[in-house]
Amino acid sequence: MMEKLTPFERRIEMLFLLANRKKTTIPALSYYFSVCKDTIWRDIEFLSRYAPIYTKQGMYGGIFVIEDY
């Protein structure tokens, strides 16, 4: 788990994490950053405007980064 980060720091860490893993989930990020799932959703919504990430629902869903990022 992480210490308390600012929203900016948390979003940058999310991008690094996604760049390395290529896929994760809302619950996993929520646990990792010790914030609620709604906070993660807002962060992902914000980041998807500026970074090549997207979400997919369903059995094989999650948060993904576009292949060549």
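Asp38 and Glu45 are exposed on one side of helix α3, where exposed means over 50% relative accessible area, buried under 20% and partly exposed in between (1.4 Å probe, protein chains only). This is a predicted model, in which local features need pLDDT of at least 70 and side-chain atom pairs count only at pLDDT 80 or more, while totals for chains, interfaces and linings use all residues. Residues are numbered from 1 along each chain as its sequence is written, and side-chain values use heavy atoms, with hydrogens and water left out.

Helices (H or I, at least four residues) and strands (E, at least two) are DSSP runs, numbered from the N terminus.

The buried residues of α3 are Thr39, Ile40, Asp43, Ile44 and Leu47. They line one face of the helix, because seen down the axis of α3 they fall within an arc of 135°, an arc taken from the directions from the helix axis to the C-beta atoms. These buried residues pack against α1 (7-21), α2 (26-33), β2 and β3, contact meaning heavy atoms within 4.5 Å.

The strands pair as follows; two strands pair if DSSP finds at least two bridges between them.

| Strands | Sense | Bridges | Opposite residues |
|---|---|---|---|
| β2 (residues 53-56) and β3 | antiparallel | 4 bridges | Lys56 and Gly62 |

A hairpin is formed by β2 and β3, with 5 residues between them. Gly58, in the turn of this hairpin, has a positive phi of about 110°.
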